[in-house]
Amino acid sequence: MSGRVLVGVKRVIDYAVKIRVKPDNTGVVTDGVKHSMNPFCEIAVEEAVKLKEKKLIKEVVAVSCGPQQAQETIRTALAMGADRGIHVEVSGKDYDTLGPLQVSKIMAALAKKEDAQLVILGKQAIDDDCNQTGQMTAALLDWPQGTFASEVAIEGDKVKVVREIDGGLETIRIKTPAVVTADLRLNTPRYATLPNIMKAKKKKIVNMKPADLGVDLTSRLEQLRVDEPPQRQAGVKVETVADLVGKLKETGRI
Amino acid sequence: MANPLRGEVIRLYKNLLYLGREYPQGSAYFRERLKSAFMKNKDVTDPEEIKKLVARGEFVIKEIEALYFLKKYRAMKKRYYEPDK
């Protein structure tokens, strides 16, 4: 038991920003747009830090794949209480095609290299909404997985995970090492305060390349186009109740 | 002349200013209000009174953090979960 937890953090466009699609439909506008850590990754970091505070694990390692700016996201994780960071540098064309499969290959390689006991990830990112990285990481490692966790408890060399499933909860017990993905109700992530961000500057971030881990980043997916969601239709004003009832009947609502 | 609590007050101000960057109505709005709140009490000299005010500032920090969390949580819930029936 290494007592080490690997947490994946992704840098995404901030949840409060209005997303704009590029005019040529090749993607969304990211230049000069505020980015922050994926909210589900924040929940994953918080869970790992909580486990550490309860002394159930020894070390929390935050991992992010992406360009130079991904370090800011790692810094936020460090400010929330992670012990050290690993930045897997992926930039340019590789970053454009970086998908869940590529990231899970990196995560799997790192989990082996760092001898992790647990890998905690967010269930999905709010930019591509893939919800695949955790599952694929577990598959590549051939480890058990506890996805959509709303409660995590370590019991010796096992982890009890309460999962959010359609219409209820499912409780499973899996052997470590394992992969857990965080759902929204798992915990309330703490805020990375200014003093903690300052303190986090002293923590180490190791920089590495995918090639150092022996990971090939070729993607077999081709993105055809990106479109805006359909615009909401304008509403209609009605004069009288009779009009309203008439309109509702017309649209088949009543 | 330098008040021993001076550093503490400045730290509080800085922390609040940092938090204000994400304020829903914009950081300029927040900074204005923050500054006027601090300026209102600039003549307070009683150390006990200053300590009380700093404690209130710390409380405000907690409140703002909670506000941000709730705002984000609600946004996520609205986007990814079915509305409660």
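Which side chains meet in a salt bridge at 2.9 Å, N to O, with one partner in chain B and the other in chain A? I looked this up before anything else. The pair is Lys72(B) and Glu42(A).

**Ground rules**

I note that this is a predicted model, where local features need pLDDT of at least 70 and side-chain atom pairs count only at pLDDT 80 or more, while totals for chains, interfaces and linings use all residues. Residues are numbered from 1 along each chain as its sequence is written, chains are lettered from A and ligands numbered from 1 in the order in which they are written, and side-chain values use heavy atoms, with hydrogens and water left out.

**Entry: the interface**

I went to the contact between the chains (contact means heavy atoms within 4.5 Å). Chain B puts in 17 residues and chain A 23 residues. About 1800 Å² is buried between chain B and chain A, with 62% of it on carbon and sulfur atoms. That buried area is the accessible area (1.4 Å probe) that two parts lose on being put together, summed over both. I then asked which three residues give chain B more of its buried area than any other three. They are Tyr18(B), Tyr80(B) and Tyr81(B), which supply 33% of what chain B buries against chain A.

Next I checked the polar side of things. The rule finds 1 salt bridge across the interface of chain B and chain A. It also finds 6 residue pairs in polar contact there, both residues at pLDDT 80 or more. For the record, a polar contact is a pair of N or O atoms within 3.5 Å; within protein, one must be able to donate a hydrogen and the other to accept it, and residues adjacent in sequence count only if both atoms are side-chain atoms.

Helix 3 of chain B has the largest share, with 11 residues. By type, I get 9 nonpolar, 1 polar and 7 charged residues on that side. The classes are Ala, Val, Leu, Ile, Met, Phe, Trp, Tyr, Cys and Pro as nonpolar, Asp, Glu, Lys and Arg as charged, and the others, Gly among them, as polar.

**Entry: chain A overall**

I count 7 helices and 11 strands in chain A. These are DSSP runs, numbered from the N terminus: helices are H or I with at least four residues, strands E with at least two. The C-alpha trace of chain A spans about 70 × 40 × 40 Å along its principal axes. Of the 254 residues in chain A, 48% are buried; my cut-offs are under 20% relative accessible area for buried, over 50% for exposed and partly exposed in between (1.4 Å probe, protein chains only). Among contacts in chain A with a separation of 6 or more, 71% are between residues 24 or more positions apart.

**Entry: salt bridges**

I find 15 salt bridges over all chains. Lys72(B) sits in helix 3 of chain B and Glu42(A) in helix 1 of chain A, so this pair joins two chains. Buried or exposed, I wondered about Lys72(B) and Glu42(A)? Both are buried.

Then I turned to Glu114(A) and Arg84(A), whose side chains meet at 2.7 Å, N to O. Glu114(A) is in the loop between helix 4 (100–113) and strand 6 (118–122) of chain A and Arg84(A) in strand 5 (residues 84–89), so the pair ties together parts that are 30 residues apart in sequence. Glu114(A) is buried at 10% relative accessible area, and Arg84(A) counts as buried at 19%.

I also looked at Arg173(A) and Glu155(A), with their closest N and O atoms 2.9 Å apart. Arg173(A) is exposed at 53%, whereas Glu155(A) is partly exposed at 33%. One network to note: salt bridges with shared partners join Arg4(A), Glu59(A), Arg84(A) and Glu114(A).

I picked out Glu46(A) in helix 1 (residues 39–53) of chain A. Glu46(A) is buried, at 3% relative accessibility. Leaving aside neighbours within four places in sequence, Glu46(A) is in contact with Met80(A), Asn187(A), Thr188(A), Pro189(A) and Arg190(A).

Methods
A salt bridge is a side-chain nitrogen of Lys or Arg within 4 Å of a carboxyl oxygen of Asp or Glu.
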